[in-house]
Amino acid sequence: MAHQVRAVVARAKGAPVSLETIIVPDPGPGEALVRIEACGVCHTDLHYREGGINDEFPFLLGHEAAGTVESVGEGVTDVAPGDFVILNWRAVCGQCRACRRGRPQYCFATHNAKQKMTLLDGTELSPALGIGAFAEKTLVAAGQCTKVDPAASAAAVGLLGCGVMAGIGAAINTGNVGRGDSVAVIGCGGVGDAAVVGSRLAGAAKIIAVDIDDRKLQTAQKLGATHTVNSRETDAVEAIRELTGGFGADVVIEAVGRPETYQQAFYGRDLAGTVVLVGVPTPEMKLELPLLDVFGRGGSLKSSWYGDCLPSRDFPMLVDLYLQGRLDLDAFVTETIALDEVEKAFERMHGGDVLRSVVVL
């Protein structure tokens with residue numbers, strides 16, 4: 001049996017998205033059919049629409065989502081119909097070299113549903129990050145479903161599926177922020193603000209938010225930043241050092257993905273400190289640093305993939321913190337919108353007016 005549902009499709013590079021009817025098959029072995037309740041509008045979706053990921057159009061957009069499992073295929077035991085789940089794009093395989101070494105958060109062979117969702121004419125869709133959740137229902141690998149407490153708001157906890165988890169994980173998992181540490185976060189969009197929240201959760205004593213937009217700095221302060229720096233008006237490195245006794249921060253999280261801001265992060269950390277790159281650069285970007293400075297400053301230069309998260313470990317824990325009132329995920333939901341408003345949400349994203357627009361179905 002196949003399901004006809006409404007979904008947001010990007011048919012061509014740079015063209016506005018359209019609301020269309022698509023065909024979603026029943027789950028086969030190892031797959032799950034999920035009724036989507038909410039899906040955040042992430043910058044990665046815009047990258048797909050603009051052809052910045054690949055050119056496998058048409059794309060079924062949306063990946064930052066939560067919903068309810070409707071049915072599962074043969075061999076699925078971890079989730080069952082009726083389970084409330086957050087979707088993830090790291091379905092751990094259990095067999096690759098990372099998994100065998102006990103590091104499943106780095107799984108190199110994550111998998112997606114084998115069957116394809118299609119347009120009405122049979123054209124196969126490429127689901128964003130193997131999910132495709134700007135849709136009333138989507139088909140995923142069962143391992144992409146992480147069961148969490150159904151008392152949670154789908155609009156809020158669905159954001160753990162990508163951007164919020166990337167930022168929190170950059171602080172807690174990749175950066176290993178500890179009690180009493182000083183942290184600087186460069187770039188205070190959704191991911192950067194989540195890194196601020198993650199640093200606060202980890203017990204950082206000083207959290208310095210750096211951005212060129214005072215509106216974003218105000219939001220970062222509300223979410224836990226102890227100090228703010230407008231780097232359009234002030235040298236970011238000098239400001240970070242001044243706020244840390246002249247030394248630099250223990251951990252600097254770069255959430256922009258540009259060579260200039262990475263250099264700020266590199267020189268704004270303390271000796272033997274850690275730089276975490278969670279902002280996504282474009283393919284043509286190059287970084288130039290004196291090799292002697294890399295050697296002489298010691299410490300760690302890390303990239304954070306998906307916040308180095310393990311969904312089965314991190315999602316339930318963070319949802320519990322949310323339900324206890326210790327993690328304000330609702331603060332990331334700027335607005336809730338309908339499926340046919342995704343294109344407008346992309347426009348608002350360009351203006352820096354939102355942390356997250358969230359499609360609610």
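The legends below describe close-up views of a predicted model. Residues are numbered from 1 along each chain as its sequence is written, and side-chain values use heavy atoms, with hydrogens and water left out. Local features need pLDDT of at least 70 and side-chain atom pairs count only at pLDDT 80 or more, whereas totals for chains, interfaces and linings use all residues.

**View 1. The largest nonpolar core has 32 residues.** A nonpolar core is a set of buried Ala, Val, Leu, Ile, Met, Phe, Trp, Tyr and Cys residues joined through side-chain atoms within 4.5 Å, where buried means under 20% relative accessible area (1.4 Å probe, protein chains only). The members that touch the most others include Val34, Val41, Leu61 and Phe346. Among the elements giving two or more residues to this core are β3 (31-40) and α11 (342-350); helices (H or I, at least four residues) and strands (E, at least two) are DSSP runs, numbered from the N terminus. Another core, of 31 residues, lies apart from it and includes Ala154 and Phe332.

**View 2. Contacts of valine 41 (heavy atoms within 4.5 Å).** Not counting residues up to four places away in sequence, valine 41 touches Glu64, Phe134, Ile337, Ala345, Phe346, Met349, Arg356, Ser357 and Val359.

**View 3. An open sheet of 5 strands shows mixed pairing.** The strand order is β7-β2-β1-β4-β8, two strands being paired if DSSP finds at least two bridges between them. The edge strands β7 (118-119) and β8 (126-127) each pair on one side only. Strand β2 (residues 18-25) runs antiparallel to β7 and is joined to β7 by 2 bridges, with isoleucine 22 standing opposite leucine 119 in β7.

How values were computed
Buried means under 20% relative accessible area, exposed over 50%, partly exposed in between (1.4 Å probe, protein chains only).
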